[in-house]
Amino acid sequence: MMFTLGLILSSCSQPSAGSSSDDIEGKLPEPKYKGRISIEETLKHRESVRQFENKPLTIEQVSQLLWAAQGVSHSWGDRTFRTAPSAGATYPLETYLFTKSGGYKYDPANHSLTKAFDK
């Protein structure tokens with residue numbers, strides 16, 4: 001049985017001039033593995049927010065979110081392990097990113113996006 005996890009974005013900005021939210025397919029920027037504050041401090045200051053900035057996420061932010069959701073955390077021999085736990089390391093989840101231009105499937109092994117369908 002396969003399950004689907006989806007992230008829905010209203011828009012995504014690109015780091016280079018002239019690119020658009022329609023051009024996010026392919027290899028994503030490397031995620032950051034060390035933050036500015038500890039996980040304990042993050043949890044202590046966690047709060048719900050109901051007012052959001054009206055600006056698109058950067059491709060770096062999208063990359064970080066996808067890696068945190070289902071990215072590869074480490075390898076052991078020929079097996080890879082992800083950031084999310086899975087019984088028996090079977091990982092029966094697929095992660096999709098939805099934008100105004102369509103849907104993209106996240107490939108954890110290559111940390112990349114592939115266009116899955118158009119709008």
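## Loop between β6 and β7

Alanine 89 lies in the loop that connects β6 (79-82) and β7; strands here are DSSP runs of E with at least two residues, helices are runs of H or I with at least four residues, and both are numbered from the N terminus. This is a predicted model, in which local features need pLDDT of at least 70, side-chain atom pairs count only at pLDDT 80 or more, and totals for chains, interfaces and linings use all residues. Residues are numbered from 1 along each chain as its sequence is written, and side-chain values use heavy atoms, with hydrogens and water left out.

Most residues other than glycine have a negative phi. Alanine 89 has a positive phi, near 50 degrees. Tyrosine 91, also in the loop between β6 and β7, has a positive phi near 45 degrees.

Alanine 89 is partly exposed, at 21% relative accessibility. Tyrosine 91 has a relative accessible area of 12% and is therefore buried (buried is under 20%, exposed over 50%, partly exposed in between, with a 1.4 Å probe and protein chains only).

Strand β7 (residues 93-99) runs antiparallel to strand β8 (residues 102-107), and 5 bridges join them; strands count as paired if DSSP finds at least two bridges between them. The hairpin joining β7 to β8 has 2 residues. Leucine 97 has tyrosine 104 of β8 as its bridge partner.

Strand β8 is also joined to strand β9 (residues 112-118), by 6 bridges in an antiparallel arrangement. Here tyrosine 106 is opposite leucine 113 of β9. The hairpin of β8 and β9 has 4 residues between the strands, and histidine 111 in this hairpin has a positive phi near 45 degrees.
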